[in-house]
Amino acid sequence: MMQAEDARYLKKKVKVGSLDVHPTEKALVVNYELEATILGQLGDAMLGDKKECQKIIRLKSLDNNTDVSALAREVVDKCKLIHPSKLNEVQHLISYLLSRKDAGKDGQVSLDHPAAGISNGMSEPANLNELDSYMEMLYEDIPEKVRGASLILQLARNPDYLEELCQNETVLGALARVLREDWKKSLDLSYNIVYTFFCFSVFSNFHTVISHFKIGSLCMDIVDGELQRTDQYREQLTKRKKGGDMAIDPAKLQQDYERNLKKYQTVVEKQDQNLVPYTCLFFVDQVLRVCTYLLLNIAEDVRVEEKMRRKNIVGLLVRMLERESTDLLLLVVSFLKKLSVYMENKDDMADLNIVEKVSRLVATDNSDLLNVTVRLLLNLSFDAGMRAKMIKVGLLPKLVALISEERHQQAVLAVLYHLSVDDKCKSMFTYTDCIPTVMKLVLSSPGPQVPLELMSLAVNLAANKRNAQLICEGAGLKLLLKRALKYRDPLLTKMIRNIAQHEGPTRALFTEFVGELCEVVSSGKSDELVLECVGVLGNLSLPDLDYCQLLTKYNLIDWIKESLQPEAVEDDLALEVVVLLGTVAGDQAAAELIVDSGILHSLVNLLNAKQEDDEVVLQIVYVFYQLTRHEVTRPQVISTTEVPAYLIDLMHDKNTEIRRVCDTTLDIIGENDDDWAVRIQCHKFRWYNSQWLDMVEEAENIDTMGGEEMAGGEGLGHSYLHHSDVLDHQGLYSDGLSSPESEEYPGMNGHSEGSRPSSNYTNRWSQHEKLSENTSDMTASALFRYGQGYLRAKYFEQEIRDLARFSADLEQFADELLKKAGV
């Protein structure tokens, strides 16, 4: 053992380690190693020890106006642990602290380290060396337990001691046991212990401590218990306020009510209000807030979050939405926002009517709470049912009022965009200030590109006719077109395209801008702007517009013909070019120019190449319909035999709109060409009688394979139909169309296996006045009845002949028998 008189000197050696920033405060952390050595009389080392230490340099005056370079030099000059060579590193760390988001912004939540809330007002400094004595207090009565937990909490508030406390499993086990057994007996005791474990939950590497002692489950029990206690007090107050037993003295009843009200307010104040500590500068947060924050910290592990869900964490959080504490609500809504990204949690929230309970928070004055509330609504708005609830509870005008606030603008626009997806909701925007505000933001956007959320909302709003009229009021359309062409903004042009699809006065406003749009299209480029400009021109079906002059002046014919070549351009652009042709072909002079330029053959080639694309097929067939309406161009369409043949093939397509356009176009062709009229009628007859004709052909095949011997001398076909059938099989397929035997024949149900989906361009065709839906069906029905009657007559004629022959043979056989009998 070393004697005291032998020690002469104490030597200290400091070895500086790394520099870092404090995780929660605006402070720098200097890590260093302190080595202490006791030297003897001769200078030899007698005893030594090493210890890892930290020095925290708090930068209280750090703000946006701080000179980072000057502050870094001051820190290096005053702190001897930092070598001057690390000046640049210090400056970098300070800059990071300055740029790091403040707690509470963008949905983040701040919670200062809590101080001990000791009810008796006593205070004493905590010493790590006395940790064992503090632990012994946890085995005493409630006041001593509160005192011991408070002192341990003081140590846990210092991050330097967390590692050592974490290694002392005995102390942590005692804290967990006391919390589990006595949290109902003393709020102060439960506060201090939960605060202690909260200090561990701030750092991810200590989360194993929380899970080991099952503190998360305990916190959920505490939250549930506190909420139940509040509900019980509320029910008691409600009963007493109603009067209960009428025989009780009213004065005594009032006195009892006031006493219970005071008791209830005391509990709520304990839960909700921040308690001022007796010595510390920090505020003590309520038990619900600390428990919720601890759960939020450890929920960064998805497996832990799943365990919380099974214990109904969503139900607890939704119940806490009724509280009035802003700090608690900030935590609760943040937690709900985190949970809402999973469908199971979202469904649980929907069952608990979360939209109705959150809607009251949109009117809060607290900017942090409002921001995180809007972000929660954004997560919920991906569900159609939730969107309907938001409209029902009246959130639309409240959200529109927040568009002008820069901090909430992006999230609010995203929520409104989701609401505008539903067609029923689009019209509701008309009765708010949304459209003027959106127009102002779009036209005053500083950069060349308007923010995506804003443009997405504007594009959806323009799809409603009334909204489009409001957008075009004044010089709205002119300003939008000017900005779109100046910055070549495809999204802004898409908004203009949606405006152009509405009939009425808004479409007539485009007349003066057609030339500018044609110039963009004829520029030779094939980017998204050109695609949208072609879409705008395709929507402009204006009777006073000279399409023939536009095609000639801007040399659009060659560009259109080149764009219709398969694989020449993207499919989207090719589709819009065909739509444009359908609009232009409504003008007779322009239709004649289209046919003379050879575009008709390009359309047939494109139809053959894109026969599986429903949109392209429908629009090409519509162009054929437009060209057959004009007497000048109709003969050329009919003479191009591929066009009627394709129309007959598509006459039984699964898509309703394609069938309607084909039927009406074939009716026009049949009325003006007798040969095609017969072929069309024959094809319709074969279609409606395909099953019966298949049976007849099968019977005839049996005849040719030796059916006569099997049928006793006559083929099976003769018992149904003579060879001189009225239907000439070769004539039916002389046009090269599909036969019932071919693989491409749709069959008796009228649908092929590879039928295309429904078209998006149904409105355009359904609004046309000259379409006739019933002509082809009536013709086919008449042919069907005629054919069935004819075939039935032929069948009975054969049966009568067979019976006649049988009767003659029977009579001859009877005569022979009589002769043999001598009669």
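The following exercises, each with a worked solution, concern a predicted model of a protein.

**Exercise 1.** Describe the overall make-up of the protein in terms of its helices and strands, its buried residues and its accessible surface.

*Solution.* Begin with secondary structure, where the protein has 43 helices and three strands. Finally, among contacts with a separation of 6 or more, 71% join residues 24 or more positions apart.

**Exercise 2.** Work out how helix 13 and helix 14 pack, and which residues make the contact.

*Solution.* Two packed helices are described by the angle between their axes and the distance between the axes. For helix 13 (residues 313-320) and helix 14 (residues 326-339), the angle is about 145° and the axes lie 9 Å apart. The crossing of helix 13 past helix 14 is left-handed. Helix 13 contributes I313, V314, L317, V318 and M320, while helix 14 contributes L328, L329, V332, F335, L336 and L339. Sorting these by class gives eleven nonpolar residues, with no polar and no charged ones.

**Exercise 3.** Identify the residues that touch the most other members of the largest nonpolar core, and follow the contacts of L321.

*Solution.* The largest nonpolar core has 199 residues, of which F197, L321, I354, L416, M495 and I560 touch the most other members. Leaving aside residues up to four places away in sequence, L321 touches L329, V332, V333, L336, I354, K357, V358, R360 and L361. A second core of 21 residues, including L28, I57, A72 and I94, is separate.

Technical notes
Residues are numbered from 1 along each chain as its sequence is written. This is a predicted model: local features need pLDDT of at least 70, side-chain atom pairs count only at pLDDT 80 or more; totals for chains, interfaces and linings use all residues. Side-chain values use heavy atoms; hydrogens and water are left out. Axes are lines fitted to C-alpha atoms, for helices over the stretch in contact, and angles run from 0 to 180 degrees between N-to-C directions. Helices (H or I, at least four residues) and strands (E, at least two) are DSSP runs, numbered from the N terminus. A crossing is left-handed if the near helix is turned anticlockwise from the far one by less than a right angle, and right-handed if clockwise. Contact means heavy atoms within 4.5 Å. Ala, Val, Leu, Ile, Met, Phe, Trp, Tyr, Cys and Pro count as nonpolar, Asp, Glu, Lys and Arg as charged, and the others, Gly among them, as polar. A nonpolar core is a set of buried Ala, Val, Leu, Ile, Met, Phe, Trp, Tyr and Cys residues joined through side-chain atoms within 4.5 Å. Buried means under 20% relative accessible area, exposed over 50%, partly exposed in between (1.4 Å probe, protein chains only). Accessible areas come from the Shrake-Rupley method with a 1.4 Å probe; for residues, only the protein chains shown count as cover.
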